Amino acid sequence: MSNKIERVELVLLKLPYVHFFETSFGREEEREFIIVKIFMDGICGYGEVVADKKPLYSYETTSTAWHMLKDFLIPLVFKKSISLPQVFFKEANVYKGHPMAKGGLELALWDLNGKKEGKPLWQLYGGVRTEVPSGVSVGIQDSIPELLERIQSFLQEGYQRIKIKIKPGWDVGICEEVRKRFPDILLQADANGSYSLKDKEILKKLEKFNLLMLEQPFPPYDLWDHSRLQKEMSTPLCLDESILSVETARKAYEMDSCRIVNIKVGRVGGVVEARNIHDFCQEKQLPVWCGGMLESGIGRAHNLHLATLPNFKFPNDISASRRYYAEDLIEPPVEISSHGTIKVPDSPGIGVYPQEHRIKKAALKQEVFKSS
Ligand code: OSB
Ligand code: MG
């Protein structure tokens with residue numbers, strides 16, 4: 001055992017969605033993302049960088065992430081002989097921003113370490129459940145009947161909670177129709193920051209639909225206006241884009257900007273920081289749940305392990321492989337049980353098996369980096 005990273009590989013991939021995904025940012029038919037592979041002693045750790053081709057959800061893109069990894073983060077790993085995710089988190093912190101690039105590399109180190117120790121990641125993290133409750137995020141559709149039909153079929157598959165995307169003009173009327181057809185389901189809405197405080201009265205009309213939560217009504221850098229809205233609403237606000245670190249979580253908590261936190265590893269720069277946020281929120285009795293970025297099975301397996309931690313209190317945006325892709329990158333594919341849960345893999349590391357031939361088939365670009 002050398003305890004030295006021998007090689008890092010980056011692969012840029014493109015996978016078509018089984019159904020387009022539309023949010024307040026627009027409609028996407030496919031996903032472009034980066035897989036990070038880290039090799040040591042014949043073991044390969046896999047991570048996924050959730051940055052998209054376009055800077056819509058955040059400023060990062062697949063190009064900026066590739067640049068950060070190639071020119072700064074991978075050289076850092078080699079230069080300081082880093083193999084532990086906690087050490088990487090600390091050292092990578094000298095570089096500002098770019099959490100998705102950092103998070104993808106850190107995930108690969110977690111998988112590598114889990115495999116070296118022969119333990120599934122949920123065990124390394126201190127997880128407390130063997131299956132996690134699953135919800136589904138339903139994008140904006142061309143018509144209301146199409147939306148209702150889609151929701152109906154997801155409910156039949158067993159999903160415990162439906163999240164609908166809203167934006168100005170696709171909001172109160174839509175929630176009304178969904179509630180009329182499905183009076184008793186767990187329902188929440190996600191605006192992806194498409195409103196401003198001027199729209200307060202529209203957002204307050206959502207109160208009557210008994211939403212589990214209203215996610216990110218205002219832009220990311222606006223903790224204060226979220227706090228002003230939360231004061232006037234009993235529906236819990238949930239922050240996604242706004243929560244960039246445990247420090248922003250603390251400020252959101254102290255200002256009462258939200259009552260629920262969405263945790264995404266990519267947005268916060270890795271599992272180390274995701275767990276810091278989890279632990280802080282747990283101490284403050286602020287429940288969390290695991291969001292998604294339409295990951296391939298590699299990123300989704302990582303999310304499953306994280307969502308086993310005790311303060312994950314709601315159904316997560318972790319859905320079955322076939323909800324996203326015709327052919328996922330892993331075996332076995334992620335599947336949902338009839339009671340709307342997903343079993344957490346029990347093999348070492350991420351506990352699922354990436355299919356190299358499928359990665360190759362979807363690859364647009366690949367580069368290998370070696371320790372000098
Ligand atoms: O805001 O939660 C979001 C997907 C891409 C970018 C942002 C979001 C989403 C989702 C999909 O809602 C969640 C999933 O991966 O199933
Ligand atoms: Mg969101």
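Along the chain, the donors of the magnesium ion (ligand 2) follow the spacing D-x24-E-x24-D. Donors here are N, O and S atoms within 2.8 Å of the metal (3.2 Å for Na, K and Ca); water is not among the atoms, so sites may look incomplete. The protein donors are D190 (OD), E215 (OE) and D240 (OD), at 2.1 to 2.3 Å from the ion.

Before going on, a note on the source. This is a predicted model, where local features need pLDDT of at least 70 and side-chain atom pairs count only at pLDDT 80 or more, while totals for chains, interfaces and linings use all residues. Residues are numbered from 1 along each chain as its sequence is written, chains are lettered from A and ligands numbered from 1 in the order in which they are written, and side-chain values use heavy atoms, with hydrogens and water left out.

Are E215 and D240 buried or exposed? Both E215 and D240 are buried, meaning under 20% relative accessible area, with exposed over 50% and partly exposed in between (1.4 Å probe, protein chains only).

Now the end of the chain. S372 lies in the segment after strand 15 (363–370); strands are DSSP runs (E, at least two residues) and helices likewise (H or I, at least four), numbered from the N terminus. S372 has a relative accessible area of 96%, so S372 is exposed.

Last, a helix pair. I144, L147 and I151 are among the residues of helix 5 that meet helix 6, contact being heavy atoms within 4.5 Å. On the helix 6 side are I174, E177, V178 and R181.
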